[in-house]
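Please read them with the structure open beside you.

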Amino acid sequence: MHRLFSLVLLLAFFPLTALSDAKQVASDDTQKRYERKVVLGFQEIAFEQNNLDVPIKFCKRRKEGTTCSWWNIRVNFPLDETQRLKAGKTFYDWTITSRFDKVLVESGKMTLYTRKSVQESPLGSFPVFRPGIVSNIEFRANLEQYLNTEVALMFKKLMMDASKQRYKELPEKEQATFITTKAKELGMSANVIRKLMNSAFVFAAHVDRINASGTLTQYYTKTLDGRSIPQWEIKFDIPMAVSLYIYRFDPEKDQFVLYKVWQAFSGAGTGAFDTRTMTFLPNAAQVTEAFKETYQTALKAAAINANYKMKEDDNFAIFVPITGFDHRRITVPVGIAEDIRVDHPFTVREKVDGKWKVKGYARARDVGKNCMDDTVETRMQLVKGRAEQADLLREYPWTGLFFQLGLGSNTLSLSGKSGWKDYGDMFAAPALDLAAALDLGYAANSKALSEFYISFYAGGSFAINSITNYGQPLNYFGGLGFDKRFYVGAGGFFIGIGGRVGYMGGVSVTADDDYSLSYGTISLTPRMQLGWSFTPSFELIVNAGWNLAFLVHGTIEQPSTADIDTTDAYETFTHGLNAGITFSFHLPIVGAMSKMYSKPSKECDALKKNNAQKQEKGE
Amino acid sequence: MKKSLVFSLFFSLILMVACGSEPTCTPHKGPKPLSYEVTFVESSGTGEMMVRATGMGCTIEQASLDARRAAIWFVLEGGDKPILKNASEKMKAVGIEQQMFENPAPYIRYQSPVKSKTRQNGKLKVAYVIKLDTGMITEKMASIGIIASEEDLGEELGLPTLAVIPKVHDQFSNTTVAVMQEYLQDKSFEVLVVDQNSQVNNLVKKLSTLEGGEPDPMHDMALSLGSDIYISVSASLATGSAGGMETAKASVQIQAYETATGKLVASTSAYSPERQVTDKNALIQEATNDAAAKVVSQIKKEWMKMAKKGKPFKITVLSNSSDGPAVDGAVYGALKELSKRPIKRTAGGKATFSYIAWIKNIPNAYELFGAIKQHYKGPGQLEKVSDTGSFLVFKATGNGEIEISIE
């Protein structure tokens, strides 16, 4: 009885104080988690020009060489509405990705798609913004005028209406406090409201002046029956710069304020994969088609560059603490709802003695489908360094594309038949090897293609030993490579297994220039790589492989007489060493490689639309 | 030879850079926490406390355990009002404390995900928000007799009877009263309810008039109700704006007074965070919860003092002008015999007298009347008029009637 009484007394008097600042239950910057931002986007992007005046270069490729001259025709390409709408969709698909809640302005209403819900606000008779064909300066002025009139107020109302839903979707909420357990009232704190209301942006793009050019090439190919037939090849290069204007909504002033302007670039050589080949001189429609294709490729490349730049900004980059770590396997509560792609790299960070330290790098392997379910996680692999639970991951801006500079040896030795001397070099042929390598797992956002690299390479080598009558052979090569990487341990090491398929040729000239000998092979080079990823932007790779080549032609060219076909003078199968060291540099501008990128995942958008339709039907 | 040397050097370099050197960390092995970094967050319930605790260790698991230990330590020994108040209790609790540190799980109601993680001098520092079952910890300590000294106090005085009285009867003050009453009842106090229809009784009114001075309606109400301590509450709400949305912040002021003496025993103000709510009473609730926790803690301190030094009683004696002086002297003498502390005369006329006396070992006015009767050596018989809480009124006349009329 005594004890019970005493207990009652003690319980009654136990000293307690209470919450006066909701910040005390919040995480600090070491456990920062990406909080979804709202982005108001438009259907169309603005253009500096409504048509492009494109000069075309006409080239003739002959045996003696290629000669080019500017055509006397300049092609004028009008940008029709379909083209403009397609351009807008491509660009905004890559910039307003699923990591954002989206506001769409349609006639009469403004709709906010949050991660799990849809909120609408009437817009009255206010028109939809049509950016049109304007200069950068005019575009900005028009945009600001549009945004800072009625739109701002409508936008604010929509944001207010959606704030409770958005609060529910925040990664971190007040938990287990008095207000959440006893008062039974959501009761967002002022800090949270400010955070939600200050996290709204507008993305609006303007395609700057373009200096495009085209090349029409005529050349001859041999048919199987030995006839030479003409071919025409049309290709364009549309290097493009797009200004992406980002405005931030200031809810205190009811205004959109310029936050940043990014210039996104497509890079050069955008038409490399849009070349059209015909057996006759292309007509205007065919040229236009080729142009349109390249235009969209260039725009997509610029959009990918904008997406890359967005990830450099802490406001838009994904931050997430590690929730699970087990022997290089990391789990984090993000996924396709944050536009995480397969092989997406992240830095592992920790605050050590007050300063941020990068401890390592991880890559996404199995991206969680977390559109509607917050508990679904993404699995990552620690590829370099150390990590532990609660370390902070920061998205690493990346495109998956590398420029590779290789130094090494690339050899072939042709074995001569019946008196013909061997030709080429087996081991000592210093080579320069240039390549563009793309991680298909990232580009295609495919788990099946994770760490599967495709490369387009070209290079040359020359034999040190003068072992033929024709001097030192100079080899050249080019083609396509495939490598699958396997990361070993957490030192950044990887082993690559793959190969190359391409054309490898050579030419050597006698000392007095009287004769030259040339050959060509189709080569297959199985190879292994031993690489080290210093950072996701720089790698060092040691390659070793063996060239397996099949001779397709051999020729001795003499100045005054007909060429001699020496194809049969050498063994058809030949081989040689391919080895070297490659320095791999990440490229933020993807150019023509943009063709190989799949769009950011739309799975969450589809789910949202589905849910919205159900809501409308009252299901 | 040269090639192999170059390759060896190259790979050695790669290995050295890749592996790096791990900073050394020595695990903490003592029974007590390594970190004592704990801050109050709130009292989320009557038997629960939420703290933000930081743990240290070589691994996240060690740091997490250390944070839980630090939270337990905070309840037992840290903060403003630890369960273990003196060296003797701490000494007695060493064993059970160690058990709690080794297995803190039963005392933890909620542990948040990591709120902060840093590394300092090679050691991890990890913070969590932890909700502790303080009731269970206290029960554990009481059940094994570590905090036995509290028992006597509880036995002697019991819990005070409290009255919660709003300064003004507006919506928010009424909410505050309701929350306070709920809070106090949760803690097993006897709470006297004051509503808008409650009236000060005529006797108190009359005595109050006789005593003169500034009338204090709340004090009179408390006397009428017979509380030991009365709590006056007021609440207000300030509105603001965040991100263009209307927000509000509640503030609550609470004072507690001894009913007998009118002495202020506790006073606090508390605020809710600035929030956007549809029902602003939620903010009043939140702020009151904060204030209630603080003020009850102060009341406890005073009540414990009373147990040691004597509980105050207001005693009013009604007599007439002929017996008055003798009655006054006799009652005063009786009180002097019951208390070593000075007796305070608050009002004294020819026929009515009021005293305040601090008396040990007597829990209520009823028993006090019995004790006074035993020690009374004045004229006539004592006849009790009222014995509510700490307020005793009785008649004492040798001949004739008392001179004050009581309805």
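1. Start with the rings. F100(A), F201(A), F203(A), Y259(A), W262(A) and F316(A) are linked into a cluster by ring pairs. Rings of Phe, Tyr and Trp (its six-membered ring) pair if their centres lie within 6.5 Å; planes under 30 degrees apart count as stacked, over 60 as edge-to-face and the rest as tilted.

2. A word on conventions. This is a predicted model, where local features need pLDDT of at least 70, side-chain atom pairs count only at pLDDT 80 or more, and totals for chains, interfaces and linings use all residues. Residues are numbered from 1 along each chain as its sequence is written, chains are lettered from A and ligands numbered from 1 in the order in which they are written, and side-chain values use heavy atoms, with hydrogens and water left out.

3. Over all chains, the count comes to 39 aromatic pairs. One of them is F203(A) with F316(A), an edge-to-face pair at 5.6 Å centre to centre and 90 degrees between the planes. This pair links distant parts of the chain: F203(A) is in strand β9 of chain A, while F316(A) is in the loop between α6 (284–310) and β15 (319–321) of chain A, 113 residues apart. F203(A) counts as buried because its relative accessibility is 0%. F316(A) also counts as buried, at 0% relative accessibility. Buried means under 20% relative accessible area, exposed over 50%, partly exposed in between (1.4 Å probe, protein chains only).

4. Chain B has a stacked pair to look at. The ring centres of Y230(B) and Y257(B) are 5.1 Å apart and the planes lie at 25 degrees, so the pair is stacked. Y230(B) belongs to strand β8 (residues 229–242) of chain B and Y257(B) to strand β9 (residues 245–258) of chain B, so the pair ties together parts that are 27 residues apart in sequence. Y230(B) is buried, with a relative accessible area of 2%.

5. Where does F203(A) sit in the fold? Its strand is β9 of chain A. Eight of the eight residues of β9(A) (residues 200–207) are buried, so the strand is largely enclosed by the rest of the structure. Helices (H or I, at least four residues) and strands (E, at least two) are DSSP runs, numbered from the N terminus. In a regular strand the side chains alternate between the two faces of the sheet. In β9(A) both faces are covered: A200(A), V202(A), A204(A) and H206(A) are buried on one side, and F201(A), F203(A), A205(A) and V207(A) on the other.

6. Now the neighbours of β9(A). Strands pair if DSSP finds at least two bridges between them. β1(A) (residues 37–41) pairs with β9(A) in the parallel sense over three bridges, and L40(A) stands opposite V202(A). β2(A) (residues 46–47) is joined to β9(A) by two bridges, also parallel; A46(A) has H206(A) as its bridge partner. β12(A) (residues 241–250) runs antiparallel to β9(A), with seven bridges. There, A205(A) stands opposite L244(A).

7. The largest nonpolar core has 126 residues, and F91(A), L147(A), F155(A), F203(A), F236(A), F256(A) and Y295(A) touch the most other members. A nonpolar core is a set of buried Ala, Val, Leu, Ile, Met, Phe, Trp, Tyr and Cys residues joined through side-chain atoms within 4.5 Å. α6(A) gives the largest share of this core, twelve residues. Beyond four places in sequence, the contacts of F91(A) (heavy atoms within 4.5 Å) include I45(A), A205(A), V242(A) and L244(A). Another core lies apart from the largest one and has 35 residues, among them I60(B), M100(B), I108(B) and I130(B).

8. M100(B) brings us to helix α4(B) (residues 94–102), whose buried residues are I96(B), E97(B), M100(B) and F101(B). They are on the same side of α4(B) because they cover an arc of only 140 degrees around the axis, taken from the directions from the helix axis to the C-beta atoms. Q99(B) and E102(B) are exposed on the other side. The cover over the buried residues includes α2 (60–76) and α5 (134–143) of chain B.
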